[in-house]
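Here are a few notes from my read-through, for you to follow with the structure open beside you. I begin with strand pairing, then turn to charged pairs and the pocket.

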Amino acid sequence: TPTGGQKYILPPETVKVIPNNETVNFSAKKIVIAFNEYIQLKDIAKQLVISPLIFPAPTISVINKNIIIELPDSLRPNTTYTIHFGNAIVDNNEGNVFPGYSYVFSTGNELDSLKLTGVILNAETNKPEKETLALLYSTSMADTSWLKSPPDYFSRAAEDGTFVIRNIRSGTYRLFALNDKNNNYILDLKDETAGFETQP
């Protein structure tokens, strides 16, 4: 009796990216990421991180073997953007994950390359705070703006509370953590909690 063979376990692979990843002097309105097989985006609302934030948010769709990212006209000049998919990209049949894929581009003539890593823990239980946001604010902002306006950079903590914020411009920042219930990157609800790092 045929058994069907071994389960397919290989993740999707990119075969072409337009414009190329890590493009500088970026001016395109659309990004196409092509894969070697049909793919889908799973749990994209929790997995996707676009830092710095883009308003209005880009439109992201899947057409056959391609991810299509359509960008608004509001990109800032001389800014490095990171579009990080986390574990959202999976193949269409077996759900094999293409983990940690990021598309990076700069509207200036160089890519910002600094990176910050850390762990977010609950101050009362000392346990990891998964899916909590790590927010970076430039210290040039007024103190009253922190947590009341969108951050300069951000990332989302993993299951173990660890986070990575990539492609940061050189500067001095304040680091905050936010349990963001309504996904607006602002501390504005009574049941939202926040914490901060005391050292800039």
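1. In this predicted model, strands E5 and E6 (residues 66–70) run antiparallel to each other and are joined over 5 bridges.

2. E2 pairs with E1 over 4 bridges, where Thr 14 stands opposite Phe 35. E2 also pairs with E6, over 5 bridges, and there Lys 30 stands opposite Glu 70.

3. How many salt bridges does a search of the whole structure find? There are 4. One of them joins the side chains of Lys 29 and Asp 73, at 2.9 Å from N to O. Lys 29 is in the loop between E1 and E2, and Asp 73 in the loop between E6 and strand E7 (80–84), so the contact ties together parts 44 residues apart in sequence. Lys 29 is partly exposed at 49% relative accessible area, while Asp 73 counts as exposed at 68%.

4. Another salt bridge links Arg 169 and Asp 112, at 3.6 Å from N to O. Arg 169 comes from the loop between strand E13 (162–168) and strand E14 (173–178), and Asp 112 from the loop between strand E9 (102–106) and E10, so this pair ties together parts 57 residues apart in sequence. Which of the two partners is buried? Asp 112 is, at 11% relative accessibility; Arg 169 is partly exposed at 36%.

5. Lys 46 and Glu 131 also meet in a salt bridge, at 3.9 Å from N to O. Since Lys 46 lies in helix H1 and Glu 131 in the loop between strand E10 (114–119) and strand E11 (133–138), the pair ties together parts 85 residues apart in sequence.

6. Finally, the largest pocket has a volume of about 580 Å³. Its lining has 26 residues, and those closest to the centre are Ala 45, Leu 48, Arg 156, Asn 183 and Tyr 185. H1 contributes the most to this lining, with 3 residues. By type, the lining divides into 16 nonpolar, 3 polar and 7 charged residues.

Definitions and conventions:
Residues are numbered from 1 along each chain as its sequence is written. This is a predicted model: local features need pLDDT of at least 70, side-chain atom pairs count only at pLDDT 80 or more; totals for chains, interfaces and linings use all residues. Side-chain values use heavy atoms; hydrogens and water are left out. On a 1 Å grid over the protein atoms alone, a cavity is a set of points where a 1.4 Å probe fits but cannot get out, and a pocket is an open set with protein on both sides within 12 Å along at least five of seven lines; lining residues have an atom within 4 Å of a point. Grid points are joined across faces, edges and corners, and a volume is the space filled by probe spheres set on the points. Helices (H or I, at least four residues) and strands (E, at least two) are DSSP runs, numbered from the N terminus. Ala, Val, Leu, Ile, Met, Phe, Trp, Tyr, Cys and Pro count as nonpolar, Asp, Glu, Lys and Arg as charged, and the others, Gly among them, as polar. Two strands pair if DSSP finds at least two bridges between them. Buried means under 20% relative accessible area, exposed over 50%, partly exposed in between (1.4 Å probe, protein chains only).
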